[in-house]
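Please look over the model below, with its ligand in place.

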Amino acid sequence: MERISFLIDNKRISVLKGSRERIFYIHGSGGDAEIWKNQLMDLGGYAIDLPNHGKSENAEIRSVDDYAYFVAEIVKKIAGKAIVVGHSLGGAVAQKVYLNHKEIVEALVLVGTGARLRVLPSVLEGLKIKASETSKIVANVAFHRKEFVEQFAKLFEERAKILLEDLMLCDAFDILEDYKAGKIRFEVPTIAIVGEHDLLTPLKYSEFFAKYGAELRVIKNAGHMVMLENPLEFNAELKKFIDQLKR
Ligand code: COA
């Protein structure tokens, strides 16, 4: 795996590259490209560090649309058109890439995400005033497989500021009614993948996407961090979906 970077509006954006497959992965709140290591190694593609995350430079981000802009510019520079995979907040970004930059999206993969991503007020408040305790709670609900919790509780605490900023963007993200009103329908192949024990973006959120043209896959023995918790099954489903596109 190698790191490459690009200047977008004078901000250096870092990308972790597995192979030249045209798959682009977008991480969730307080995350970074490394979260996709199992997928980069197995399926290839490019995982982006969003601005203000990982090895990317800081930029002013006011909404999910701003993240979508940076992702779209990276896709244009590297591949022109791509399969866009987004997890949680990254799934909101992927939806906005699709809605705002349709020409660059070949297919969509919405992982543990939703059309509305309201966040518990106690989590938002807690990250401001008791980051350590709240980071532990978030890590506990994010993972079904508890062996990951300690490592991620520490990570979330270190990243409490950006985690809070991202969760506030999630909380404001709401395009549910646009789907219901028929303003949004998936016109490219789309799959929603969710861990069966996801407590943060429950199955219901992915079932909602299925009403508007997405295929649905539920992954066993996994919670919200499904691509990390059950990479074998997750990658098999993603591979099947991508192979279908190539036929
Ligand atoms: N897709 C489909 N349905 C959705 C949805 C989505 N993305 N988001 C919400 N809904 C549904 C809810 O299930 C609910 O349906 P119901 O009335 O049939 O039960 C309805 O829309 C209203 O839900 P919501 O917008 O969530 O408002 P709320 O006031 O009921 O709950 C919270 C707000 C914060 C308590 C709730 O969203 C929650 O428990 N969130 C915790 C999980 C979290 O923090 N996730 C982080 C996401 S990154």
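Predicted model: local features only at pLDDT ≥ 70, side-chain atom pairs only at ≥ 80, totals over all residues.

Residues are numbered from 1 along each chain as its sequence is written, and side-chain values use heavy atoms, with hydrogens and water left out.

## Ligand site

The ligand is surrounded by 13 residues. The closest are Ala115, Arg116, Leu200, Lys204 and Tyr205. By class, the shell holds 8 nonpolar, 2 polar and 3 charged residues. Here Ala, Val, Leu, Ile, Met, Phe, Trp, Tyr, Cys and Pro count as nonpolar, Asp, Glu, Lys and Arg as charged, and the others, Gly among them, as polar. Helix 9 (residues 203–210) gives the most to this shell, with 3 residues. Helices (H or I, at least four residues) and strands (E, at least two) are DSSP runs, numbered from the N terminus.

Arginine 116 places a backbone N or O atom 2.8 Å from a nitrogen atom of the ligand. A polar backbone atom of leucine 120 is 3.4 Å from an oxygen atom of the ligand. Lysine 204 uses its side chain: an N or O atom there is 2.7 Å from an oxygen atom of the ligand. On its own the ligand has 950 Å² of accessible area, and the protein covers 64% of that. Accessible areas come from the Shrake-Rupley method with a 1.4 Å probe; for residues, only the protein chains shown count as cover.

## Aromatic residues

The whole structure contains 13 aromatic pairs. Rings of Phe, Tyr and Trp (its six-membered ring) pair if their centres lie within 6.5 Å; planes under 30 degrees apart count as stacked, over 60 as edge-to-face and the rest as tilted. Tyrosine 98 and phenylalanine 186 make a tilted pair, because their ring centres are 6.2 Å apart and their planes stand at 45 degrees. Tyrosine 98 lies in helix 3 (residues 89–100), and phenylalanine 186 in the loop between helix 8 (176–180) and strand 7 (190–195), so the pair ties together parts 88 residues apart in sequence.

Are these two residues, tyrosine 98 and phenylalanine 186, buried or exposed? Both tyrosine 98 and phenylalanine 186 are buried. Buried means under 20% relative accessible area, exposed over 50%, and partly exposed in between (1.4 Å probe, protein chains only). The two also belong to one aromatic cluster, formed by Tyr98, Tyr179, Phe186, Phe208, Phe209 and Tyr212. Lysine 102 lies over the face of tyrosine 98, at 4.8 Å from the ring centre. A charge sits over a ring if NZ of Lys or CZ of Arg is within 6 Å of the ring centre and within 35 degrees of the ring normal.

## Single positions

| Residue | Relative accessible area | Class |
|---|---|---|
| Aspartate 65 | 28% | partly exposed |
| Threonine 201 | 3% | buried |
| Asparagine 52 | 18% | buried |
| Serine 88 | 11% | buried |
| Phenylalanine 143 | 2% | buried |
| Asparagine 235 | 4% | buried |

Threonine 201 sits in the loop between strand 7 and helix 9. Its side chain reaches the backbone oxygen of glycine 112 at 3.1 Å. The side chain of threonine 201 also makes a polar contact with the side chain of histidine 224 (3.1 Å).

Asparagine 235 is part of helix 11 (residues 231–246). The asparagine 235 side chain reaches the backbone oxygen of asparagine 38 at 3.3 Å.

Two loop residues have positive phi. Asparagine 52, in the loop between strand 4 (45–48) and helix 2, has a phi of about 75 degrees although it is not a glycine. Serine 88, in the loop between strand 5 (82–87) and helix 3, has a phi near 60 degrees.

Aspartate 65 lies in helix 2 (residues 64–78). Aspartate 65 and lysine 96 are 31 residues apart in sequence and 6.0 Å apart in space, C-alpha to C-alpha. Phenylalanine 143 is in the loop between helix 5 (131–142) and helix 6 (149–158). Its C-alpha is separated by 25 Å from that of glycine 45, 98 residues apart along the chain.

Methods: Near = heavy atom within 4 Å. Polar contact = N/O pair within 3.5 Å; in protein donor to acceptor, adjacent residues only side chain to side chain.
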